[in-house]
Amino acid sequence: LLLKSQFEQALADRQFYLEYQPRVDLESGGIIGLEALIRWKHPTEGIVAPGEFITLAEEIGFIIPLGEWVIREVCSQMKHWQEQGIPAVRTSINVSAKQFNKASFVDKVQDILNEIGIGPSLLEFEITESALMGHAKPIIDDLKVFKDMGIFLSIDDFGTGYSSLQYLKLFDVDALKIDRAFIKDLPRDKLLAKMIISLARKLRLQVIAEGVETSAQHAWLLNSGCHEAQGFLYSKALPASDIEYLLKA
Ligand code: G
Ligand code: G
Ligand code: MN
Ligand code: NA
């Protein structure tokens, strides 16, 4: 439990911060959204990426306060931009399955929205396909409530789960994010990306390509009916101050 107290100390000391990666409309090339990604500015280790601490935070239960902090921070940032007259774009937040285990999660989110005073349509929750598979029961009800509130819902890392597609009937989501494993070798290796885009479009879901790095990938995706993209070709994740500059432009 030493670790938990270290996490708590880091949160109190404001060592966590968010970066935002732009999401672009494939047709216009314009920024139509952002994904919030957490970082830890550790006093001795330097900048620590989420891959190195999210799993641990989930295991020891710290993901509950940390996840709430992320939601609050994103809402505050949206509010700040709105107040400055900067055009707000929808921002997605990665939500862990563990966050749904807490009965108060839905109320907490509603409280944060009320308290900060931003509309739910500015928020998107990304839930990984594997999280949906493993913890279906508590998640279904909460997702329904979030959906009814007007929060946009997407399945992250789509295509990497072992799932039958049966669960797509259970979860009424708005979008699929194609995992970057299926984008990496485009346009040479296109079969799976093509299938996911086709599936998404048939289900009338928004479809987003992750990890787009080359203009050849961009061109193929645009041509193949993908709606949105994210990746180093457009921008890596940036601090809020840099994003602000892009949103103004
Ligand atoms: O930012 P990348 O650069 O390293 O992010 C790595 C992984 O960490 C991604 O799979 C992303 O889903 C996850 N991640 C980033 N921020 C958060 C967060 O706020 N909460 C959760 N649960 N996962 C996050
Ligand atoms: O799993 P999730 O999609 O939430 O995580 C986003 C992760 O993908 C972050 O670690 C982010 O830094 C990384 N990422 C974003 N764009 C690219 C890209 O174009 N190429 C690669 N290799 N990684 C990317
Ligand atoms: Mn994500
Ligand atoms: Na992903």
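Which strands and which helix make a right-handed β-α-β unit with β8? The answer is β8, helix α10 (residues 215-223) and β9. Right-handed here means that, with the strands pointing away from the viewer, the path from the first strand over the helix to the second runs clockwise. Helices (H or I, at least four residues) and strands (E, at least two) are DSSP runs, numbered from the N terminus.

Before going on, some ground rules. This is a predicted model, in which local features need pLDDT of at least 70, side-chain atom pairs count only at pLDDT 80 or more, and totals for chains, interfaces and linings use all residues. Residues are numbered from 1 along each chain as its sequence is written, while chains are lettered from A and ligands numbered from 1 in the order in which they are written.

Now the chain as a whole. It has 11 helices and 10 strands. The radius of gyration, taken over C-alpha atoms, is 18 Å, which agrees with the value near 18 Å for a compact globule of 249 residues. That rule is 2.2 Å times the number of residues to the power 0.38. The C-alpha atoms fill a box of roughly 50 × 45 × 35 Å along the principal axes. Of the 249 residues, 36% count as buried, meaning that 20 or more other C-beta atoms lie within 10 Å of the residue's own; exposed means 12 or fewer, partly exposed is in between, and C-beta atoms are placed from the backbone.

Back to the strands. They pair if DSSP finds at least two bridges between them. Strand β7 (residues 175-178) and strand β8 (residues 206-209) are parallel, with four bridges, and A175 sits opposite Q206. With helix α9 (residues 191-202) between them in the list, β7 and β8 make another right-handed β-α-β unit. β8 also runs parallel to strand β9 (residues 228-229), through two bridges, and there A209 faces A229.

A229 comes up again with β1. Two bridges join β1 to β9 in the antiparallel sense, and V24 stands opposite A229. Strand β1 (residues 16-25) is mostly covered, as seven of its 10 residues are buried. Its pairing with strand β2 (residues 31-42) is antiparallel and has nine bridges, with Y20 opposite A36. Five residues lie between the strands of this hairpin, where G29 takes a positive phi near 80°. β1 also runs antiparallel to strand β10 (residues 238-239), where E19 has P239 as its bridge partner.

Next, a few backbone details. R14 has a positive phi of about 60° although it is not a glycine, and is found in the loop between α1 (2-12) and β1. R204 also has a positive phi of about 60°, in the loop between α9 and β8. R14 has 9 other C-beta atoms within 10 Å, so R14 is exposed; R204 has 7 and counts as exposed too. The peptide bond from L186 to P187 is cis, with omega near 0°, and P187 is in the loop between β7 and α9.

Last, the ligands. A residue is near a ligand if its C-beta atom, placed from the backbone, lies within 6 Å of it. Around ligand 1 are residues including L37, I38, V70 and N94; by class the shell has seven nonpolar, three polar and no charged residues. Around ligand 2 there are 13 residues, of which N94, G211, E213, G231 and F232 come nearest. That shell has four nonpolar, four polar and five charged residues. Ala, Val, Leu, Ile, Met, Phe, Trp, Tyr, Cys and Pro count as nonpolar, Asp, Glu, Lys and Arg as charged, and the others, Gly among them, as polar.
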